[in-house]
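These are my notes on a first reading of the structure. I proceed from the overall fold to the aromatic rings.

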Amino acid sequence: MHLAALTIHPVKSLRGEPVAAADLERAGLRGDRRWMLVGPDGGAVTARRNPGLLGVGARTTPAGGVVLSHPGHEDLRVEPPVDGPPVAVTLSRVDRALAAGPAADAWLRAVLGLDVRLVWQDDPARRPVDEAHGGRPGDPLSLADDGPVLVTVVASLRRLDEWVAAAPARTSPGPAGRVDPGAGSGAGAPGARPEPLAMERFRPNFVVDGDVEPFAADAWTGIRVGEVELRFAEHCDRCAMTTVDPVTLARGQEPLRTLAKHRRWDGKVWFGVRMVPVTTGRVAVGDPVTVLGERRPGG
């Protein structure tokens, strides 16, 4: 097995940044999810309700900042506001972040048409990984939902594509009551095979490929990627963000419809695993991936 893809998501819910190599820290990949958008009440603004966020590009800078991009707008570079004013936020296990400033807020409001502010997490150590999500004392967390590193497997996505292609086509009302034959499956024309799902829908940090069975990661207790080690924290439950096409930003029924048929337990659907770094260091696409332990079925 090997690391087939590596992605940093600098801003929570904005587009990710594929990279060839990155530094893995205790809180995850350096620069991953240290920024987020909040509304007037301090609540996180995400693509679950606002799919347009996924159309905004974000890439890291050497100093830990971010460059925001969107068609029709000049790129905006924002560096960490280390002395910025604190903003009260309501994300779980963190009460405040630092304001990026009015220029960033104005740019995002112009692009998104939403009343939002950009904020930066100054210290991931102030936000521990919840014990209910596999955390242990001292595990720091970025502004990610629940875990520092999300790992997915190419073979699992290919199996999901097979399940989606095998599912009976469904129709749903289109504009003005017209029926859209492809609305349920993502097919372009009646009877057409659905396009493969993009792994980007699942927003992983590490994508593993090679000699590995579909959903084998469910049993992994730990892995080594190159010279760094990670331990299993929990399986990753999936939300409506996965139903947004990362290119067109259109929302459909997949993959949640098919995952609900094949990968549903405890009232949720599952794809990928969250992991916590045990050691730190440099990781790169092509690094070998070794399984350090596996749970027994039912264990």
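How many helices and strands does the chain have? I looked this up in the model, which is a predicted one, and found three helices and 21 strands. I then checked the radius of gyration: it is 19 Å, close to the 19 Å that the globule rule gives for 299 residues, so the chain is as compact as a globular protein of that length. Along the principal axes, I noted that the C-alpha atoms fill a box of roughly 55 × 55 × 35 Å.

Next I turned to burial and contacts. Of the 299 residues, 52% count as buried. Among contacts between residues at least 6 apart in sequence, I found that 70% join residues at least 24 apart. The chain exposes about 13700 Å², and carbon and sulfur atoms supply 51% of that area.

I also looked up the charges. There are 37 positive and 37 negative ones, and their mean positions are 4 Å apart.

Which rings pair up, and how? I counted five aromatic pairs. One of them, Trp163 with Phe215, is stacked, at 5.6 Å centre to centre and 5 degrees between the planes. Trp163 lies in helix H2 and Phe215 in the loop between strands E15 and E16, so this pair ties together parts that are 52 residues apart in sequence. I recorded Phe215 as buried, with a relative accessible area of 13%.

Trp265 and Trp270 form a stacked pair as well, at 5.3 Å and 10 degrees. Here Trp265 is partly exposed at 32% relative accessibility, whereas Trp270 is buried at 10%.

Finally, I noted a cluster in which ring pairs link Trp163, Phe202, Phe215 and Phe271.

Notes:
Residues numbered from 1 in each chain as written. Predicted model: local features only at pLDDT ≥ 70, side-chain atom pairs only at ≥ 80, totals over all residues. Heavy atoms only, no water. Helix = DSSP H or I, 4+ residues; strand = E, 2+ residues; numbered from the N terminus. Rg over C-alpha atoms; globule rule 2.2 N^0.38 Å. Buried < 20%, exposed > 50% of the residue type's maximum accessible area, 1.4 Å probe, protein only. Contact = heavy atoms within 4.5 Å. Areas by Shrake-Rupley, 256 points an atom, 1.4 Å probe, with all protein chains shown as cover. Lys, Arg positive; Asp, Glu negative; His and termini not counted. Charge placed at Lys NZ, Arg CZ, Asp CG, Glu CD. Phe/Tyr/Trp six-rings, centres within 6.5 Å; stacked < 30°, edge-to-face > 60°.
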